[in-house]
Amino acid sequence: MNHDKMTNISAKRGFLWPSFEIYSGVSGFTDYGPLGASLKNNIMQKWRKQYVSGEGFYEIEGPTVMPKEVLKASGHVDNFTDPMTKCKSCGEVYRADHIIEEAIGQDVESLENSEMDKIVAENNIKCPECGGDLAKIWDYNLMFKTEIGAKGNKVGYMRPETAQGIFILFKRLERFFRGKLPFGAVQLGKAYRNEISPRQGVIRLREFTQAEAEIFLDPEDKTTPKFSQIENETLRLNSQEVQEKDLEPLEITAREALDKGIVANEMLIYQLYLARKFLNEIGIPNEALRFRQHLAGEMAHYALDCWDVEVNTDKYGWVEIIGIADRGDYDLSSHSKFSNEELYVFKEYDEPKKVKKTIVKPNLSKFGPVFKGDSPKVKQAIEEADPEEIISALENDGKYVIELDNTYEVEEELLLIEEVEEDVTGEKIIPHVIEPSFGIDRIVYSVLLHSFTETEGKDYFKFAKSVAPVQVGVYPLVKKDGLPEIATELKDTLREAGFKVEYDEGNTIGKRYARADEIGIPIAVTVDYETKDDNMVTVRDRDTEAQERIAISDLKEYLENYYK
RNA sequence: GCAGCUGUGGUAUAGUCUGGUUAUUACUUGGGCCUUCCAAGCCUACAACCCGGGUUCGAAUCCCGGCAGCUGCACCA
């Protein structure tokens, strides 16, 4: 682990570059250079392989611009904010709650803006810089705001997370998956947060890439058949208790974590395991990883349980790269409420249940004469009322009183009370959601950091084969006597076979190996004089530097095997 | 966002305090020579004073503003 050297080489060799550099840059944005973009794509492809092919989830792709309504429902419009104020004379901008805290030493975090305005007035709080008056407090929302359409009266925001795009498709997805829980949908893409002052390079961006899966499941059944396959895996858990009491992390099996109630349910544990498996396979070792449970106060109010996967870094300490939360039914309930759409799955019982219930109906032949023109609305009121309430009212007072524009007294003889038995085949349930949420940029950084290897002879990216941006280097031993021609032809053949191949003929062979190692090309193929006689080439391994002779005719198969 | 420090070819740097030649050096990179397996050597070329304004006969150098980076504080649903 060596952040400084790693970033240096990553910039030099085209992985990560600061954005808008020729205009002196803007913090919170980053460019992926040729190798960086390729590395990132490989990581995202690997992610798809695990979650889409491996778990049977499906990928969707929604807009990055969202109308205000969606983010109102998700809570981002109201809660994803900081209170700000501004000095009227010098124009300096402050966090309002901080300036108050500083002045009167009182925690005002949960107060409304109007209340804070009052405190500012009562305590005569002024600008700390120039002593000027402070303006009315407003909310600084961390979302990028925009307008939809030419009239500009439709407010939109850049999405602050990809998850909402999945939740709002729930009705469609539920039909697509034919109503059977559990099912999962994923989305990979950009999300945006207008951070006040991002630093830490690619760790905190204003525009970043997420890969999120939303797994919808039965609130009563958060088991998964996959659990039995992984129950003996050991996990390194920094539970709430471990953090509160400052203990060593737990090293326990998935089974124990479940039985002791440290992780809430099977699916959640399975997702922790899956996240770690993914990271291992792209080159981040277990020693550099840990699971950290959100503390009670830190957990979003709707989350039932939430674990971060953190990676160890020399520069930033332990950094969150994945969050895995049981969000309960919060999102679907909230969107249901705001959109007036029922977002549910119909859960059929194994056996239909016979349910006895009492129903109360108006006796229409007697209704008309009594209520005359008002009878339709009285009838409707009876039908909408709770039968239990009507019966108890009749028992207690001998009548049921309805308050509409007039008061109506309904006596028992105007009603028909029946006991009926109904077949109930199931019920509507709002699924719970377990959400693994990956910060792709941070993961790319982690892969770079943990693949970066320093040895006596060389410093290089020891990429896992599945993510290496260049797969094969092809070189003529020297630049004459027809060797470049053979090597060039070989390069073209391998490219046509689908490999990512680089060709290099300058300088000495040693220098070219060194250059290839630096960007983590796993395999080097060298054409030499003997090739002209025996049609074989030298295949060199990046890490061991071991060489073997392979026939050109077998090379494609050899590489396919290697990268399988 | 606040405070302090910093900004010279792709990278690392000298020069800045005390304004004045063609802005130093090494590596890297491109081309050439050489080269029969791990950054060798030789020739050659490309290439920089963060941006904007001010002071001055003259600014990389002094002053102001901006941008970015680093460190600490704050923020990070």
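In the predicted model, Tyr-475 has Thr-526 of strand 26 as its bridge partner. This pairing belongs to the contact between strand 24 (residues 472-476) and strand 26, which run parallel and are joined by five bridges. Strand 26 also pairs with strand 27, here in the antiparallel sense and over four bridges. Within the latter pairing, Val-525 stands opposite Val-539 of strand 27. In a regular strand, side chains alternate between the two faces of the sheet. In strand 26, Ile-523, Val-525 and Val-527 lie on one side and Ala-524 and Thr-526 on the other, and both faces are covered, as these residues are all buried. Because five of the five residues of strand 26 (residues 523-527) are buried, the strand is largely enclosed by the rest of the structure.

A total of 35 residues surround RNA strand B, the closest being Arg-193, Arg-199, Tyr-513, Arg-515 and Thr-538. By class, this surface has 15 charged, eleven polar and nine nonpolar residues. On the RNA side, 43% of the atoms of RNA strand B within 4 Å of the protein belong to sugar or phosphate, and the rest belong to bases. Individual polar approaches involve both parts of the RNA. A polar side-chain atom of Lys-480 lies 2.9 Å from a phosphate oxygen of RNA strand B. A base nitrogen of RNA strand B is found 2.6 Å from a polar side-chain atom of Asp-528. For Glu-545, a backbone N or O atom lies 2.9 Å from a base nitrogen of RNA strand B. Two or more residues of the surface near RNA strand B are given by each of strand 6 (93-95), helix 19 (509-518), strand 27 (536-541) and strand 28 (547-551). Helix 19 provides the largest share, six residues.

Helix 19 also contains Asp-517, which counts as buried because its relative accessibility is 2%. Beyond residues up to four places away in sequence, Asp-517 touches Lys-458, Tyr-460, Phe-461, Arg-540, Arg-542 and Glu-545.

With a relative accessibility of 1%, Ala-96 counts as buried. Leaving aside neighbours within four places in sequence, Ala-96 is in contact with Pro-83, Met-84, Thr-85 and Ile-137. The C-alpha atoms of Ala-96 and Asn-113 are 8.7 Å apart, and the two residues are separated by 17 residues in sequence.

In helix 13 (residues 330-339), the buried residues include Asp-331, Leu-332, Ser-334, His-335 and Ser-336. The buried residues of helix 13 pack against helix 3 (68-74), helix 7 (163-167), helix 8 (170-176), strand 11 (207-217) and strand 16 (317-328). Just after helix 13, Asn-340 takes a positive phi of about 60 degrees.

An open sheet of three strands has the order 4-9-8, with antiparallel pairing. Strand 4 (65-67) and strand 8 (145-148) stand at the edges, each with a single partner strand, so one side of each has no neighbour in the sheet. Neighbouring strands of this sheet are turned by 45 degrees against each other on average, direction ignored. Strand 4 pairs with strand 9 (residues 154-158) over three bridges, and the bridge partner of Met-66 in strand 9 is Tyr-157.

Conventions
Residues are numbered from 1 along each chain as its sequence is written. Chains are lettered from A and ligands numbered from 1 in the order in which they are written. This is a predicted model: local features need pLDDT of at least 70, side-chain atom pairs count only at pLDDT 80 or more; totals for chains, interfaces and linings use all residues. Side-chain values use heavy atoms; hydrogens and water are left out. Two strands pair if DSSP finds at least two bridges between them. Axes are lines fitted to C-alpha atoms, for helices over the stretch in contact, and angles run from 0 to 180 degrees between N-to-C directions. A residue is near a molecule or strand if one of its heavy atoms lies within 4 Å of it. A polar contact is a pair of N or O atoms within 3.5 Å; within protein, one must be able to donate a hydrogen and the other to accept it, and residues adjacent in sequence count only if both atoms are side-chain atoms. Ala, Val, Leu, Ile, Met, Phe, Trp, Tyr, Cys and Pro count as nonpolar, Asp, Glu, Lys and Arg as charged, and the others, Gly among them, as polar. Buried means under 20% relative accessible area, exposed over 50%, partly exposed in between (1.4 Å probe, protein chains only). Contact means heavy atoms within 4.5 Å.
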